[in-house]
Amino acid sequence: MAELTDRKLYLGPKLRVLRRELGLNQTRMAEELGVSPSYLNHLERNQRPLTAQMLLRLANTYDIDIRDFTATPAEGGPGELSEILSDALVRDIGIARDEILEVAENYPGVSEAIARFYRALSDLRRLPGDALDRSSPGPLVAPVDWLRETIARAGNHFAEIDAGAESLAAGLPDDPALLQAELRARLKDRHGMSVQLVRGDVLAGTLRHYDMHRRRLMLSERLPASGRLFAIAYHLCAQELADSIAAQIARAAPPDEDSRRLASIALTNYAAAALLMPYDRFRQAAEQGRHDIALLRDRFGMSTEQVAHRLTSLNRTGARGIPFFMVRIDRAGIISKRFDGEAWPFARYGGLCPRWDACDARAPDRVETQLIETLDGRRFVTLAMALPHRPDGGRASPVIALGCEAKHAGRIVHADGLDTEKDEATGVGPTCHLCERRDCPDRALPPVTRALDLHSYERTIAPYPFRRV
């Protein structure tokens, strides 16, 4: 609660939505909260901020989670809306920032609708010129984008699947070696599925394959121990947690078959991670070990990526972990996986900031820590780790990067030695074409929100000088 009192919270639209969902008029809600109807009216119209005392009253009266109520929307917020409205299609309108802020804060449903339309437009722009002439057009939202939005709305936490996996793990050993043997035996005894390790050339181009006719799971020798353990857990969860996974997919309502299949794979992966890294045991180990990535990796027999991914999912009500964001990026800075957490500091539709050093991580066993600061003065601690040689034969191994707001640094061993308030932080922006940092020598593009200020008689340190107004 202390962190919520550091800033004024204007949450009128959320309060109004809550009241309507409860079927209450202002007079009735005001009576139940012990305030006057006029005061409640001021709160709903953002003429008064919500105090910590009022938040507690809301939580106690209506059994809501304060963090969920005060959380920034996963999509359609001021930053994302500003990014969308900087697109060349509408940039010339010159929508003022206070207008964008008002829409994002007071009309979150409208903001989310705009965000969804823009994602659909972005997908259409990627299609070949003649693709729109097809008699059977593809989905309006790309399956990968739909899945990312679905996971973001859930906070990358699926309570029913987590609880089922934790219950399943309760009767299994903690030691990874013993656990693999137990999972193999359970697959065989309860589901008639055997596990066989085969040479890499037998499964050319494949790391694991399930032979449905012989009910045999074949694992390539190229898979590391963590990958073999995860593959076995995946197939066990596909059998024993099928109902929970299917129920979650039904609630998500995928728009097409490809989206449904992607969701099935993603949620079965989630279940496997929850089985191998049970929620409470993993969260306690993370807190006690101060989020030491190597320690968690060794204790649970998992890879760096699996541990990092699991850290982003610790969002259980009443037992939350640090709200990490996570990306997997290649050497060119292209993102292949992203979980936004509560405070993703970069653009949602553009690239990353070149001043962020995540792509420079080289040693698989070393965590590269960086303190960064955004244009609005928020500070983040980021942890970048190069992955070891890829078992699929790819030439370049990607980098996994975790990050969180700097206020959590004391809970992270990799941030020891950082003074997050006094140390110099690297100034970063959302992405070059949206960044208005004037003195950045690493800029690749001018900001679309400003006019260029070019002169033949001078050369500034930063490329593409621009006027503030």
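The stops below visit the nonpolar cores and then an open sheet of this predicted model.

Begin by selecting Leu-183, Leu-275, Leu-311 and Leu-402, which touch the most other members of the largest nonpolar core, a set of 68 residues. Apart from it lies another core of 21 residues, and Leu-24, Val-35, Tyr-39 and Leu-55 are among them.

Next, centre the view on Leu-402 and show its surroundings: leaving aside residues up to four places away in sequence, Leu-402 touches Ile-293, Ala-308, Leu-311, Thr-312, Phe-324, Phe-325, Met-326, Val-381, Thr-382, Leu-383 and Met-385.

Now turn to the sheet, an open one of 6 strands with mixed pairing, and follow the strands in the order 7-6-10-9-8-11. At its edges stand strand 7 (335–339) and strand 11 (426–427), and because each has a single partner strand, one side of each is left without a neighbour in the sheet.

Move on to strand 8 (residues 368–373) and strand 9 (residues 379–386), which run antiparallel and are joined by 6 bridges; here Gln-370 has Thr-382 of strand 9 as its bridge partner. Their hairpin has 5 residues between the strands, and Gly-377 takes a positive phi near 90° in this hairpin.

Finish with strand 8 and strand 11, which pair in the parallel sense over 2 bridges, and where Glu-373 stands opposite Gly-427 of strand 11.

Conventions
Residues numbered from 1 in each chain as written. Predicted model: local features only at pLDDT ≥ 70, side-chain atom pairs only at ≥ 80, totals over all residues. Heavy atoms only, no water. Core = buried A, V, L, I, M, F, W, Y, C linked by side-chain atoms within 4.5 Å. Buried < 20%, exposed > 50% of the residue type's maximum accessible area, 1.4 Å probe, protein only. Contact = heavy atoms within 4.5 Å. Pairing = 2+ DSSP bridges. Helix = DSSP H or I, 4+ residues; strand = E, 2+ residues; numbered from the N terminus.
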